[in-house]
Amino acid sequence: MKLIFEKSQAGRRAGTVPSYDLPRAEVPEELRRGDPPRLPELAEPEIIRHFTALADRTFGVDTGFYPLGSCTMKHNPRVNERVVALPGFRDLHPLQEEDGAQGALELMWRLQEILAEVCGLHAVSLQPAAGSQGELTGLMLMRAYFADRGEAERRKFVITADTAHGTNPASVTMAGFELKKVETDARGNLDLNDLRAKVNEETAGLMLTNPSTLGLFDEHIEEVAEIFHGAGALLYYDGANLNAVCGISRPGDMGFDIVHINLHKTFSQPHGGGGPGGGPVAVRDILEPFLPAPTVMRDEEEFRLDYNRPKSIGKVRGYTGPFGVFVRSYAFIRSYGPELRRMSEVAVLNANYMLSRLKGTYDLPFERLCMHEFVLSARNLKRDHGVNALDVAKRLMDYSFHPPTIYFPLIVPEALMIEPTETEPKETLDAFCDAMEKIAEVKAAKRAIVKYGFDQHPDLRGERAEGETVEAQKGA
């Protein structure tokens with residue numbers, strides 16, 4: 001495909017700049033260009049064709065399977081886009097007076113109540129604009145809580161798992177805490193012995209994803225909570241993997257005090273390409289006074305913004321949060337209604353189905369049922385055939401699949417982290433598994449049957465890299 005500058009032909013213009021009855025602006029001499037800007041010149045049909053061709057090359061959930069582990073990418077129902085485009089939502093100004101924004105405030109209040117129930121906690125702030133900002137907000141709440149108790153100087157450390165998302169240690173440092181990591185045991189849980197050795201009166205809290213980035217639910221979560229609460233510390237729940245347990249188990253019931261929820265992952269957003277996102281934070285009652293202001297309150301049948309919060313950590317984002325995200329997520333949740341848990345049940349079922357198909361072809365680091373995602377390892381292929389996780393990921397693109405997350409979590413060598421979500425049908429899951437199996441078989445076959453030559457053996461046709469010879473392959 002040619003670049004738009006390569007298609008350019010001098011004098012071919014798709015349009016002209018409108019002429020306005022205004023005085024000509026004078027650009028100061030020192031700010032004037034020496035030469036006119038280099039801009040492509042094309043006829044309008046060629047411009048349309050160029051950008052249409054670019055759009056056709058873009059990969060997304062609407063064009064194919066997107067199995068990214070730990071970054072839930074699932075179908076965003078079009079009804080959500082219709083709802084968010086309703087004039088009363090679309091055209092509402094963020095500074096609209098409260099009496100003229102009752103519908104929007106009611107939606108936000110109801111979303112807060114739903115998220116509090118889903119998390120098993122008492123209060124919610126919708127302000128944070130993403131999961132990473134939700135993490136930072138949660139840790140700021142933790143710091144404010146200990147400062148209010150006169151323990152700010154003593155509570156120095158926050159503990160994370162060695163499987164934690166990379167944003168966790170970054171958020172810990174930004175919030176002014178020091179980081180300690182705890183190891184994973186042979187079952188894929190937090191190592192309780194390592195944990196007990198690191199938790200003391202200087203510990204502020206734990207940051208944990210449950211299920212973890214390994215796709216495993218911690219079998220000792222209640223004991224973990226007792227260890228931290230026994231030391232007067234708090235538990236923070238990274239909600240990136242909430243899609244596995246929503247409506248089935250609740251972080252608050254597990255013992256967590258602070259939770260951030262990725263609305264753009266669990267509750268449907270078109271978040272590819274960096275946005276939009278939403279990272280509301282839910283907290284236990286002891287932390288409610290410190291939530292960002294304002295919060296949405298209900299007084300009888302009136303809804304209002306409450307700014308009178310003397311212990312609040314203040315605003316973490318302009319206005320009251322990413323409102324369009326709230327509308328989409330609220331519509332998504334209401335579409336499920338009381339059956340919201342089926343979202344998680346199907347996501348877990350899909351992941352375990354794929355795991356059962358692939359665990360014989362790729363190494364399985366932990367022999368357990370998974371939750372909504374699972375981690376395989378290509379270390380067997382690398383050991384036996386010199387093929388690594390990156391090779392598998394790149395080859396998947398030839399089968400028209402977006403690659404899964406690779407080389408994460410860091411504790412698994414040659415990691416392949418796969419999340420099918422609940423929105424993919426069995427046929428898609430089977431096609432992906434077929435491709436994964438085919439890749440492994442062909443890579444393994446290369447060394448075993450190169451004597452046939454690439455052109456003669458049907459399984460190896462098209463596998464040779466550009467410029468590679470059969471003789472060179474035989475020599476390898």
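Let's start with one pair. E81 and R328 meet through their side chains in a salt bridge, at 2.7 Å from N to O. By salt bridge I mean a side-chain nitrogen of Lys or Arg within 4 Å of a carboxyl oxygen of Asp or Glu. E81 sits in helix α3, residues 78-84, and R328 in helix α12, residues 323-336, so the pair ties together parts that are 247 residues apart in sequence. Helices here are DSSP runs of H or I with at least four residues, strands are runs of E with at least two, and numbering goes from the N terminus.

A word on the source. This is a predicted model, where local features need pLDDT of at least 70, side-chain atom pairs count only at pLDDT 80 or more, and totals for chains, interfaces and linings use all residues. Residues are numbered from 1 along each chain as its sequence is written, and side-chain values use heavy atoms, with hydrogens and water left out.

Back to the pair. Is R328 buried or exposed? Buried means under 20% relative accessible area, exposed means over 50%, and partly exposed is in between, with a 1.4 Å probe and protein chains only. R328 has 13% relative accessibility, so R328 counts as buried. E81, at 25%, is partly exposed.

How many salt bridges does the structure hold? The count is 36. In general, side chains of opposite charge can pair when their charged atoms come close.

Take R284 and D257. Their closest N and O atoms are 2.9 Å apart, in a salt bridge. This pair links distant parts of the chain, 27 residues apart. R284 is in the loop between β7 (281-283) and β8 (295-299), while D257 is in the loop between α10 (251-254) and β6 (258-261). Both R284 and D257 are buried.

Now D384 and R383. Their side chains form a salt bridge at 3.2 Å, N to O. D384 is partly exposed at 44% relative accessibility. R383 has a relative accessible area of 58%, so R383 is exposed.

Next, D194. D194 lies in helix α8, residues 192-198. Its relative accessible area is 16%, so D194 is buried. What does D194 touch, leaving aside neighbours within four places in sequence? The contacts are K181, V182 and E183, where contact means heavy atoms within 4.5 Å.

On to helix α5, residues 102-119. The expected span of a helix is 1.5 Å times one less than its number of residues. For the 18 residues of α5 that gives 26 Å, and the end C-alpha atoms are 26 Å apart, which agrees. Buried residues of α5 include W109, L111 and L115. G120 follows α5, with a positive phi near 70°.

Last, the sheet. Seven strands form an open sheet in the order β1-β7-β6-β5-β4-β2-β3, with mixed pairing. Two strands pair if DSSP finds at least two bridges between them. Which strands are at the edges? They are β1 (123-125) and β3 (178-182), each pairing on one side only. Neighbouring strands are turned by 25° against each other on average, direction ignored. Strand β5, residues 234-239, pairs with β6 in the parallel sense over four bridges. Y237 has V259 in β6 as its bridge partner.

Helix α6, residues 131-148, lies across β2 (157-161), β4 (203-208), β5, β6 and β7. α6 runs at about 170° to β5. Axes are lines fitted to C-alpha atoms, for helices over the stretch in contact, and angles run from 0 to 180 degrees between N-to-C directions.
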